[in-house]
Amino acid sequence: MPQVAVIGAQWGDEAKGKIVHFLAREAELAVRFNGGPNAGHTVQDAYGTVQLHLVPAGALQPGCAGVIAHGVVVDPQVLEEELDEIRRQGRPEPVVYLSDRASLILPHHRLVEELEGTARRIGTTRRGIGPAYQDRVARRGLRLGDLARPELVLEYLTELEADLKGRYGKAGFVPKQLADRLARFYAAWKERIVDSRAVVARALAEGQLVIFEGAQGTLLDLDLGTYPYVTSSTTTVHGIGWGVGVRLSEGARVIGVSKAYTTRVGEGPFPTEDTGEGGELLRRKGREYGATTGRPRRCGWLDLVALRYAHEVNSFTELAITKLDVLSGLDEIPVCTAYDLEGKSVEEFPKTIAELSVARPRYVRLPGWKEDIRKARCPSDLPREARSYIAFVEEVLGVPVTMAGVGPGEDELIILR
Ligand code: IMP
């Protein structure tokens, strides 16, 4: 069985959850390898709509277990609330394994994110993601496996509280209470806190279908994205090695997911942003409000310069284009094929934030279509202009588009090839 990596090709929110959920019908494992509860993977199926922040979207399919690998930062409270919501919807209980090496997000991480101004400066999701990764890299973080030693956890939290009070005047938690909460969490989860690398490696060795579920998108990658306006993890296909400790085999499918237009949440350059009526239309029709934060997303047109860069970084074997239905009704659709940079036309994605900030999009205008396409289920159901739009992306990038999303529902998907 080929393995599958589902990777955000833009600035996140590409509807990866929908694609993973669809592919997981046949999979045995769905593995989150990066990020944490900053993600908001939406699944809409017969049980209703659910926003998943930590549980892999694939784990909602019966027969597919979820793995939260060591590259993920885990907030136990968010995880438990999410599982409560899943149960409230009457869904079967998902099977989820957690890495014993995964770092914990503790209450002070959100506090530090606010107090140090990162939340405002970057426009983060305020979930404590950055500070939790900072502690991990500084080798002072608490990992899930550490919860097996409650006396050490209490000692750790007591020292941490004193340190935080010294630095910020407050800590945001009471050590004994938090230690007790973490002990309860550990008692409930200890059978599922495992060496996730070994679990995934075994599944791969047995030839099981494993889906690696990327969170955020390539342009939010800590190193390869639009630094400093990025998240704190490796969001690209390379995050699989980093965050799970296994490698994709030859022949793996690497699916880049891109919306038919572009959105971005938070600060940072966004060359094809449309702050006028066009952007407003996309926001309204595409319901572009953050799944994790509720913030209105910045909206604009498809950026093939950025997408080409994402392809360069990830070597996509195919693309999934989502939310194509949102473009219905437009007379023509702008698509950016190059940037204007100091009077020159460039097709290469600028490597510095200074250049990207002044890059202006050069658009070609493709003919739109009037038909509502949400009922389309096969390529021939799509209007000619919608097929041409997809063909244009394929031609410019040289990657086949194999899926097109035409609505939020699980069945609102067209397999193109
Ligand atoms: P953080 O990941 O909360 O530290 O936020 C850093 C940047 O990444 C901010 O611009 C966020 O809006 C953005 N970001 C993080 N997670 C997501 C996501 O799942 N979708 C879209 N943007 C995200």
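Hi everyone, let's begin with arginine 297, whose place is in the loop between α10 (277-285) and β13 (298-300); helices (H or I, at least four residues) and strands (E, at least two) are DSSP runs, numbered from the N terminus. Please keep in mind that this is a predicted model, where local features need pLDDT of at least 70, side-chain atom pairs count only at pLDDT 80 or more, and totals for chains, interfaces and linings use all residues. Residues are numbered from 1 along each chain, and side-chain values use heavy atoms, with hydrogens and water left out.

Is arginine 297 buried or exposed? Arginine 297 is buried, with a relative accessible area of 7% (buried is under 20%, exposed over 50%, partly exposed in between, using a 1.4 Å probe and protein chains only). Leaving aside neighbours within four places in sequence, arginine 297 is in contact (heavy atoms within 4.5 Å) with residues including Asp13, Lys259, Arg283 and Glu288.

Next comes alanine 376, found in the loop between β18 (360-367) and α13 (384-397). Alanine 376 counts as buried too, because its relative accessibility is 5%. With neighbours within four places in sequence set aside, its contacts are Asp381, Leu382, Val406 and Ile414. Glycine 405 is 29 residues away from alanine 376 in sequence, and their C-alpha atoms are 9.7 Å apart.

Finally, which domains give residues to the lining of the second largest pocket? Domain 1 (3-99 + 194-244) and domain 2 (103-189) both do, so this pocket lies between them; the bounds come from an automatic or database domain assignment. Helices α2 (76-88), α3 (107-115) and α7 (175-189) each supply at least two lining residues.
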